[in-house]
Amino acid sequence: MKKIHVGFLLSYDYDLLKHSLPPVYETADRIFLAVDKELLTWKGQKFTIEAEFYSWLKEFDTDNKIEIYEDDFYRSELSTLENDTRERTMLSQKMGIGNWLIQVDSDEYFIDFEKFVHDLRKYDSYLDHPEKNKIQIFAFWLIIYKYTENGILYIDKPQKSVFATNYPNYKNARRTNERVIYLDSLVLHESVARSEEQLRFKLENWSHNIDVNKDFLNKWISVNENNYQDLTDFYYIEPERWKTLSYFPTNKIQEIKDIVANTKSLQISKSFIRQKNFGQWFKFLFK
């Protein structure tokens, strides 16, 4: 118990795991990949996984840490969001309550997972009786919006997102609606950074498929490294939540990680973390 267990969803964007698995591999005690037995998305559409991926996975897993967890994760009577939440719940139950239950999506790449775990371990006491002391752990996305000819457009302010919990009573995807503890870790999130064909498939099959605003895709198609400063409001649901974009003059993930790690304006301040955590502590003090 009290192990670092990391879960991923193995689906149509499986090839991105070649980027998201390596940053967590050394520090994780165990890694679980959840895949639907029938290879169905949350909307019920079929996807395929090439044999080459499993060959890569076997070669990559030098410490025999990775377990593939197959189950029936699609239910036709449920919405895509309900199927999303259900699969994550089943995955965390498989990982085992009493451990840190960390879920990382295939398009999320930790800048420094070792630091995230080091900071997480300060709260190990919450694993003793997790059903009585439910918490969720937030870090911060740096969202990659679109690959351009010479670089990458990204949302210019880090966005909070949940990555771990001690008790998986999920209410909305990874969110449990329990007390939040914020850590100052950054995670690159490719989000809507796909080819147009891949993005169209994702928009149809992910848990937000009925929420996407009608203008999103046209704006995503039209924006580029030359005109991004002339446009605003880029979020796929409520456009104003992603107000403006910035630009990295490279499209290599590792180079972006290095830039982010050394760019002060993209870091989360200690005072901000203290303020947010005090607010959460006080909010849940009498609950």
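The model is predicted, so local features need pLDDT of at least 70 and side-chain atom pairs count only at pLDDT 80 or more, while totals for chains, interfaces and linings use all residues. Residues are numbered from 1 along each chain as its sequence is written, and side-chain values use heavy atoms, with hydrogens and water left out.

## The nonpolar cores

A nonpolar core here is a set of buried Ala, Val, Leu, Ile, Met, Phe, Trp, Tyr and Cys residues joined through side-chain atoms within 4.5 Å. Buried means under 20% relative accessible area, exposed means over 50%, and partly exposed is in between (1.4 Å probe, protein chains only). The largest nonpolar core has 56 residues, and Val-6, Ile-31, Phe-116 and Tyr-145 have the most contacts inside it. Strand β6 (residues 135-147) gives the most to this core, with six residues. Strands (E, at least two residues) and helices (H or I, at least four) are DSSP runs, numbered from the N terminus. Apart from this core lies another, of 21 residues, which includes Leu-142, Ala-193, Ile-256 and Ile-273. In soluble globular proteins, nonpolar side chains tend to be buried together.

Contact means heavy atoms within 4.5 Å. Leaving aside neighbours within four places in sequence, Phe-116 is in contact with Ile-102, Phe-110, Ile-137, Ala-139, Phe-163, Ala-164, Leu-183 and Ser-185.

## Salt bridges

Next come the charged pairs. A salt bridge is a side-chain nitrogen of Lys or Arg within 4 Å of a carboxyl oxygen of Asp or Glu, and by this rule the count comes to 20. Three of these pairs are set out below.

| Pair | N to O distance |
|---|---|
| Lys-18 and Asp-15 | 3.1 Å |
| Glu-67 and Arg-30 | 3.7 Å |
| Asp-119 and Lys-122 | 3.5 Å |

Glu-67 counts as partly exposed at 24% relative accessibility, and Arg-30 does at 25%. For the pair of Lys-18 and Asp-15, Lys-18 is partly exposed at 24% and Asp-15 is partly exposed at 39%.

Asp-119 is buried, at 10% relative accessibility, whereas Lys-122 is exposed, at 57%. Both belong to a network of salt bridges that links Lys-115, Asp-119, Lys-122, Asp-184 and Lys-270.

Helix α8 (residues 270-283) is the place of Lys-276, which is partly exposed with a relative accessible area of 28%. Lys-276 and Leu-183 are 93 residues apart in sequence, yet 9.9 Å apart in space, C-alpha to C-alpha.

Trp-281 also lies in helix α8 and counts as partly exposed, at 38% relative accessibility. Together with Phe-278, Phe-282, Leu-285 and Phe-286, Trp-281 makes a nonpolar surface patch of about 590 Å². Patches are made of residues with over 30% relative accessible area and no salt bridge; like charges are joined within 9 Å, and nonpolar side chains (Val, Leu, Ile, Met, Phe, Trp, Tyr) within 5 Å. The areas come from the Shrake-Rupley method with a 1.4 Å probe, and for residues only the protein chains shown count as cover.

Our last stop is Thr-80, in helix α3 (residues 80-95). Thr-80 is buried, at 8% relative accessibility. Neighbours within four places aside, Thr-80 is in contact with Trp-42, Lys-43, Asn-205, Trp-206, Ser-207 and Asn-209.
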